[in-house]
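Let's take a look at what holds a protein chain together on the inside. Have the sequence and the 3D view open while you read.

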Amino acid sequence: MVPSCYFYFMTFLVFSLDLITSSGAVILPPWEVPDNGGKETKVTMSLYVSQFRSVLFDAEMTFDIHQSWTDPRFKNTSRNPNDYNVYRAEEFENIWRPDTYIANEMPNGVFETTPTDNIYAYFNGSLFLTTRHSIIFHCDVKLFALPIKDETCSLYFKSASYVSKNLKLTWEQVNPVLYSQNMETYAVKIHKTEPKRCPLEKDGPCVHLLLHVQRTYQVMIVQVYLPSTCIVVITWLGFWIHHTEVSSRTRISTISLTAIVTESVAVLIINPDQVHMAAIEAWNSGCMVLITLAFLEFVIVHNYHRREIRTNSVPKSIQTKKGTSSRPINISANFKANNKKNRTKPNLSKERIYIVEMEAGANKTRENRKTRRITPETIDKISSVIYILLFVLFNVYYWSFFLTEADKQ
């Protein structure tokens, strides 16, 4: 019975020691090594960025983290200080290393550590660790700037289990962030990089990297501004189609309105959790209002034309001295008949002369009214000029506001 219990005890002890060793808990950090004298361990960091992509509020970046520190256990005075040994990822469990992580990585982001990561251990006691990561993190966007041109992306690197008095994270003094010459930026540009220390390190060692990103205008112009401008111009060309072409004018207006609404929805699909995108929303809303006004103008002109047709088709009575006649009088026929009967009389009767004068005056009045009345064609021409002027004024105000004043807010 006793040997059996002893066997199980030893098996459990060996298993526990293997578990502790594999977890790295038995590996003392450098500041607890007697030869180090209790000094804090300073870990110097630098980044090598190979890919950066920003989609509105989210950024995706692939980079290598380079970390270097000193461990007295690797110092060997009998060897050349510049010589080193390379330890692969499977040997990391026997070496103490910083537990640095990206604090503001998004939960749904992709975190990758390639199996080719290694540690270079020099015989002067310094160690150099490289790890490769691909993450997604949040960026602060100036929504009122045009066209979402300024983004501030922050990265926080912290230690998972150590305190500031034992472990200190710092940036490399020279070239803390390097970018690959073949780096893919996807229509954005990192124009400024600021490596900083975290203002408060109560929660542990921390360093801060601030990336100032600019989105190129060309992409926004091609994807947003140029298509909507073409839609507005096509709607403006509809004014030059005759107002009697109901089908053509209606199709142009409805298709243009549908296209601009589709473009606005597409922006929401790209970033569904946005609060506002002031610049793009203002542009699409302005174009939508202009297209709606063009359609309302056609409705007004078409109804005005129909009323004019109804008015001109009603027969008009001619007022005479004796009363009102509802049927038209053939003045020329009556005049010829009376002429044959009264050839000897050189003059017509006063009543018939009055009727002839009234008919001539009525025709002249109708002609004067037609010349003075505004025709539907005239309304279309005036509306086309007003429409293009409104679009020009909208562009002047829009670009001047979002390029100057809005950027200050």
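Here is a short tour of the salt bridges and the nonpolar cores.

This is a predicted model, where local features need pLDDT of at least 70 and side-chain atom pairs count only at pLDDT 80 or more, while totals for chains, interfaces and linings use all residues. Residues are numbered from 1 along each chain as its sequence is written, and side-chain values use heavy atoms, with hydrogens and water left out. Searching the whole structure turns up six salt bridges (a salt bridge is a side-chain nitrogen of Lys or Arg within 4 Å of a carboxyl oxygen of Asp or Glu).

**Salt bridges in the strands**

- Asp64 and Arg132 pair up through their side chains, at 3.1 Å from N to O.
- Asp64 sits in strand β2 (residues 58–75) and Arg132 in strand β6 (residues 124–141), so this pair ties together parts that are 68 residues apart in sequence. Helices (H or I, at least four residues) and strands (E, at least two) are DSSP runs, numbered from the N terminus.
- Asp64 counts as buried because its relative accessibility is 17%, while Arg132, at 30%, counts as partly exposed. Buried means under 20% relative accessible area, exposed means over 50%, and partly exposed is in between (1.4 Å probe, protein chains only).
- Arg73 makes a salt bridge with Asp71, and their closest N and O atoms are 2.9 Å apart.
- In that pair, Asp71 is buried at 0% relative accessibility, but Arg73 is partly exposed at 37%.

**A salt bridge between helices, and a network**

- Arg249 and Glu297 meet side chain to side chain in a salt bridge, 3.4 Å from N to O.
- The two are 48 residues apart and link distant parts of the chain: Arg249 is in helix α3 (residues 246–270) and Glu297 in helix α4 (residues 278–313).
- Both ends are tucked away: Arg249 is buried at 4% relative accessibility, and Glu297 is buried at 10%.
- Lys192, Glu194 and Lys196 form one network, joined by salt bridges that share partners.

**Nonpolar cores**

- A nonpolar core is a set of buried Ala, Val, Leu, Ile, Met, Phe, Trp, Tyr and Cys residues joined through side-chain atoms within 4.5 Å.
- The largest one has 38 residues, and Phe52, Phe63, Phe137 and Phe157 touch the most other members.
- Strand β2 gives the most to this core, with six residues.
- Another core lies apart from it and has 21 residues, including Trp283, Leu290, Ile291 and Phe401.
- In soluble globular proteins, nonpolar side chains tend to be buried together.
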